[in-house]
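Notebook open, model loaded. I want to go through the cores, the domains and the chain contacts in turn.

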Amino acid sequence: QNYIIGAFKPACNISITFSDGKSRKPVPLKKENGQTVMVPLFQSQENIAGKISVEPVSGKKAEHNGIKVELLGQIEMYFDRGNFYDFTSLVRELDVPGEIYERKIYPFEFSTVEMPYETYNGVNVRLRYVLKITISRGYAGSIVEYQDFVVRNYTPPPSINNSIKMEVGIEDCLHIEFEYNKSKYHLKDVIIGKIYFLLVRIKIKNMDLEIRRRESTGSGANTHVETETLAKFELMDGAPVRGESIPIRLFLSPYELTPTYRNINNKFSVKYYLNLVLVDEEDRRYFKQQEITMFRLAETS
Amino acid sequence: MVTTEGMEEEEKWLAEGIAAIQHNAFYMSRALDSDNLREALKYSALLLSELRTSKLSPHKYYDLYMRAFDELRKLEMFFREEDRHGCSVIDLYELVQHAGNILPRLYLLCTVGSVYIKSKEAPAKDILKDLVEMCRGIQHPTRGLFLRSYLAQISRDKLPDLGSEYEGEGDTVMDAVDFVLQNFTEMNKLWVRMQHNGPVRLKEKLEKERSELRDLVGKNLHVLSQIEGVDLEMYKDVVLPRVLEQVVNCKDEIAQYYLMDCIIQVFPDEYHLQTLETLLGACPQLQPAVDVKTVLSRLMERLSNYADSSPEVLPDFLQVEAFAKLSSAIGKVIEAQVDMPVVGAISLFVSLLTFTLRVHPDRLDYVDQVLGACVKKLSSKAKLEDSKATKQVVTLLSAPLEKYTDIVTVLTLSNYPRVMDHLDAGTNKIMATIIIESIMKNDTCVSTADKVEVLFELIKGLIKDLDETATDELDEEDFKEEQNSVARLLHMLYNDEPEEMLKIICTVRKHIMAGGPNRLTFTVPPLAFSALKLVRRLQGQDGDMAGEEVPATPKKIFQLLNEIIEALSSVPASELALRLYLQCAEAANDCELEPIAYEFFTQAFVLYEEEVADSKAQVTAIHLIIGTLQKMTVFGVENRDTLTHKATGYSAKLLKKPDQCRAVYACSHLFWVDDQDGIKDGERVLLCLKRSLRIANAAQQQANVTRGSSGPVTLFVEILNKYLYFFEKGNPQVTPAAIQSLIELIKTEMQSDATTPDTASDAFFSSTLRYIQFQKQKGGLMGEKYSPIKV
């Protein structure tokens with residue numbers, strides 16, 4: 001089923017099974033070709049163990065200069081596509097050079113692997129974890145097989161989680177006070193809050209709350225920032241008057257959010273913002289952006 | 001042009017909206033049929049998105065809303081069946097909140113909320129509170145009003161009301177009330193805001209649109225009134241103060257007027273009565289432009305109806321001092337609203353008066369108090385100029401008349417005439433007419449001089465000219481009408497006690513004498529007759545016998561009458577006076593007061609000689625004189641001779657021969673009174689008849705000379721009839737021979753060429769002959785008597 005193998009008609013079929021594959025939760029992963037595959041989910045400090053089976057095609061013998069399995073954590077920048085930067089690289093030698101006549105099973109294990117970063121598929125950057133099996137062959141070129149897996153890391157709820165409260169305005173035009181109940185939200189959290197209108201001299205048409213993701217890649221002069229609006233949630237319809245207080249209740253679960261990533265391996269950062277946007281009748285937009293920290297809470301179920 | 005275009009546009013938008021709703025509704029029901037929750041939510045949200053339009057007027061928007069509403073019912077049914085969509089109601093409550101657009105989101109939330117409450121998985125009050133809070137997101141007036149009215153609609157049967165299945169375990173009636181009150185407050189705010197959301201030039205349009213939406217707001221009050229748990233206590237302590245707070249604070253005239261009216265209409269009368277002070281206390285705080293008077297009028301009308309419906313609540317009215325409270329509230333409102341036109345103030349008084357009359361008919365002091373307050377208000381201006389205000393005053397004054405069918409009651413109200421003083425002459429007259437009509441209709445008898453005095457004070461507009469200017473504009477017909485009604489009124493003033501009656505007559509006389517010549521012709525006759533009536537009553541007891549102490553003697557009355565009739569000379573109305581004199585003479589005759597009777601006759605003759613110039617009038621007058629004189633029995637021979645002589649003399653001096661002839665033969669009766677001891681002077685009778693025959697002849701000749709043909713024989717036939725009368729009565733001077741010759745004469749005349757044939761007189765003659773024939777054939781004494789006469 002691996003097309004790379006199919007394309008080159010390799011001499012061997014390689015397949016990987018994880019030892020706890022049955023019990024491990026499969027999660028969807030979008031591959032670079034656009035397809036989504038289900039892959040197992042791990043977190044940092046877990047043991048990654050399993051079996052690799054190597055079977056020569058149609059009974060031929062296969063010569064090799066050794067077989068190894070690597071666990072790679074890679075960051076790929078899209079302006080430099082195909083060039084992976086490995087921030088983690090672990091190797092296990094499976095076999096010494098020799099010949100394989102029939103299917104052969106190799107168990108492997110990487111114990112308590114440090115995987116500090118989460119799998120991430122962004123606009124300009126990708127972070128992935130992969131098992132790479134290499135059958136080295138001198139003249140015919142090596143046979144390589146990859147097995148992706150996803151890493152997610154959980155954070156306990158923060159001990160300090162202040163609300164965000166702020167008064168903003170344009171002099172003699174619009175003064176509002178808004179409040180979000182927290183500054184740190186987990187991915188399935190609900191944003192509760194309210195907007196209080198202290199002064200309204202413009203005809204407001206509506207008000208939205210946007211969730212924006214800001215992905216910055218590179219560093220220094222080469223920093224590249226990409227902002228996406230992940231959610232556009234209408235909070236208010238019509239023109240309020242002074243003294244009105246508009247409730248906010250935004251469930252985060254429908255949106256594909258990730259935790260906030262700060263300076264991942266000096267390569268990239270992903271930050272989240274709440275953007276309150278007021279639109280007046282002449283379609284002028286007034287907005288105020290506030291950063292919120294996203295984190296992944298261990299799922300209790 | 002622009003508006004019609006606009007309307008067409010709007011129609012188009014509505015049609016598009018409806019089409020889109022139907023389209024999505026189709027997919028939604030398909031999703032419902034296949035139990036597909038996700039699709040159902042998707043299409044219902046799309047369907048609801050049509051309600052986000054700003055292009056429709058409230059009226060059209062309502063159309064759209066109703067269609068969406070129907071679809072939401074189906075969705076709610078689906079939500080209720082968990083096994084179909086496999087999602088717990090709590091999850092569902094979250095799920096619908098994922099919708100990005102707020103309006104569809106909130107409609108869906110309300111819909112699930114309804115199911116949520118029904119499931120009882122959470123306290124109703126929490127869900128209701130959440131819904132009513134979340135709805136704040138819609139600040140657009142129309143959309144907000146409809147959304148909240150949807151909320152009100154779906155929650156109506158799920159309020160934790162007393163005895164409701166949602167009550168208990170922390171859910172109390174108070175929560176239900178809080179919820180409805182909050183929704184009401186928010187809706188009212190939105191509704192009021194509509195007014196300020198558009199350009200000023202569209203003010204009228206906005207007001208129209210607003211009025212189309214008012215029932216959405218008012219519905220909440222209705223819901224409140226339907227909550228079982230809202231007892232008087234809660235209404236008094238919570239509901240009313242909070243509703244009024246909103247009403248007063250919104251400072252919007254349309255809302256204030258409508259909501260005050262709503263409060264009055266939806267809550268029970270009993271509550272109003274017990275919270276009168278609070279409710280009324282809000283009135284002076286309303287905007288000046290609010291039509292408080294209508295509000296108060298409605299309130300009073302309701303309370304009146306309430307009092308009418310069950311007499312046992314009356315003590316409550318007294319206990320809470322309803323009248324005093326209303327009265328002071330009205331005072332305060334008038335005080336607070338300086339710009340209120342007089343008409344407004346007066347219509348308030350009218351309402352209060354109506355209330356009083358219906359609730360406390362026995363409290364005349366209340367009525368007078370209201371009138372007094374009205375006087376106070378009116379006294380700030382000299383005369384009422386505003387025609388509407390005048391009308392209201394008339395209504396005000398008419399109310400007690402209608403209530404107290406006995407006018408006498410009204411006469412005791414000291415402020416009544418004072419209110420009337422503020423009316424202009426015309427209205428005063430109208431009012432006077434109304435008073436009179438009321439008296440006539442109810443057949444009320446005004447029986448003391450004092451009351452008559454007051455009454456005349458009230459109707460003085462009719463009795464005398466109040467200002468000079470009015471007279472020349474007056475329509476004659478109207479004047480006659482008015483004066484006739486006064487004349488009718490005079491007959492209603494009556495007392496069995498002659499003494500008091502005389503006082504009444506004197507009072508009336510005093511007033512009508514001041515009325516000027518034009519009125520006398522109308523007012524003198526009824527007064528005279530009223531006096532004569534009194535005379536007739538006293539007739540039995542002789543005035544002279546009773547002595548001087550008795551004030552009401554016929555003599556005195558006759559003196560009075562003399563004066564009264566004399567007043568007519570100023571008009572002048574000699575013919576009328578003459579008639580009245582004759583009437584008096586007749587009455588005096590019956591009282592056997594010869595000198596008085598003679599005096600009256602003298603007066604009549606004097607009038608005849610000096611004032612009656614018109615020949616036709618003379619004819620009428622002379623016949624009246626003859627008729628009256630004939631009946632007089634009181635005169636001695638001398639007096640009688642004088643009078644009869646005069647009368648015959650006048651008769652012969654009439655201008656036209658036929659008139660002379662008729663008067664003269666009428667005079668014959670003066671000498672033959674067909675009574676037991678009447679005068680029977682056959683000779684003078686015959687003299688008269690002969691004289692009239694001569695005159696008839698002369699008339700005939702005169703006609704011959706002037707026209708070439710003599711007139712009809714009518715006069716002769718008439719004389720023949722007189723002959724027959726006296727013949728039958730046994731006048732010896734009238735012989736069959738004389739009759740026979742008269743018949744012959746007539747026959748000859750009729751055959752003469754000169755005579756103009758006249759069917760009427762021919763018929764008259766032949767029927768006279770037939771009568772003679774009949775009498776002859778009858779036989780007996782009379783037949784015998786007639787037998788010599790041949791026909």
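For the neighbour lists here I take contact to mean heavy atoms within 4.5 Å. I also note at the start that this is a predicted model.

**Entry 1: cores**

I looked up B:Ile435 with that cut-off, leaving aside its neighbours within four places in sequence. The contacts are B:Leu401, B:Ile407, B:Tyr416, B:Met420, B:Leu455, B:Leu458 and B:Ile459. B:Ile435 belongs to the largest nonpolar core, which has 276 residues. I find B:Ile435 there among the residues with the most contacts inside that core, along with B:Ile263, B:Tyr416 and B:Phe558. A second, separate core has 71 residues, and A:Leu187, A:Leu209, A:Tyr261 and A:Leu274 are among them. I jot down the general background: in soluble globular proteins, nonpolar side chains tend to be buried together.

**Entry 2: B:Cys283**

Is B:Cys283 buried or exposed? I get 1% relative accessibility, so B:Cys283 counts as buried. I place B:Cys283 in the loop that runs between helix 14 (276-282) and helix 15 (292-309) of chain B. Beyond the neighbours within four places in sequence, B:Cys283 is in contact with B:Met260, B:Val292, B:Leu296 and B:Val333. I also checked B:Ala336: it sits 53 residues from B:Cys283 in sequence, and the C-alpha to C-alpha separation is 9.4 Å.

**Entry 3: domains**

For chain B the domain assignment lists domain 1 (1-119), domain 2 (123-267), domain 3 (286-406) and domain 4 (656-790). I took the centres of domain 2 and domain 4 of chain B over C-alpha atoms and got 99 Å between them.

For chain A the assignment gives domain 1 (12-151) and domain 2 (164-295). The centres of these two domains of chain A are 40 Å apart, again over C-alpha atoms. Their contact takes 13 residues from domain 1 and 15 residues from domain 2 of chain A. About 1200 Å² is buried between domain 1 and domain 2 of chain A, 66% of it on carbon and sulfur atoms.

Which three residues supply more than any other three of the area that domain 1 of chain A buries against domain 2 of chain A? I find A:Tyr120, A:Val123 and A:Asn124, with 42% of that area. Between domain 1 and domain 2 of chain A I count zero salt bridges, but there are seven residue pairs in polar contact. On the domain 1 side, strand 6 (67-77), strand 7 (84-95) and strand 11 (125-135) of chain A are the elements that give two or more residues.

**Entry 4: chain A against chain B**

I count 20 residues of chain A in contact with 24 residues of chain B. The two chains bury about 1800 Å² between them, 46% of it on carbon and sulfur atoms. A:Glu234, A:Asp237 and A:Arg249 supply 35% of the area that chain A buries against chain B, more than any other three residues.

How many salt bridges cross the interface of chain A and chain B? I get five. I looked at the side chains of A:Arg249 and B:Asp130, which meet in a salt bridge at 2.2 Å, N to O. Polar contacts across the interface of chain A and chain B come to 13 residue pairs. Strand 18 (224-237) and strand 19 (245-251) of chain A each give two or more residues to the side that touches chain B. Strand 18 of chain A gives the most to that side, with six residues.

Definitions and conventions
Residues are numbered from 1 along each chain as its sequence is written. Chains are lettered from A and ligands numbered from 1 in the order in which they are written. This is a predicted model: local features need pLDDT of at least 70, side-chain atom pairs count only at pLDDT 80 or more; totals for chains, interfaces and linings use all residues. Side-chain values use heavy atoms; hydrogens and water are left out. A nonpolar core is a set of buried Ala, Val, Leu, Ile, Met, Phe, Trp, Tyr and Cys residues joined through side-chain atoms within 4.5 Å. Buried means under 20% relative accessible area, exposed over 50%, partly exposed in between (1.4 Å probe, protein chains only). Domain bounds come from an automatic or database domain assignment. Buried area is the accessible area (1.4 Å probe) that two parts lose on being put together, summed over both. A salt bridge is a side-chain nitrogen of Lys or Arg within 4 Å of a carboxyl oxygen of Asp or Glu. A polar contact is a pair of N or O atoms within 3.5 Å; within protein, one must be able to donate a hydrogen and the other to accept it, and residues adjacent in sequence count only if both atoms are side-chain atoms. Helices (H or I, at least four residues) and strands (E, at least two) are DSSP runs, numbered from the N terminus.
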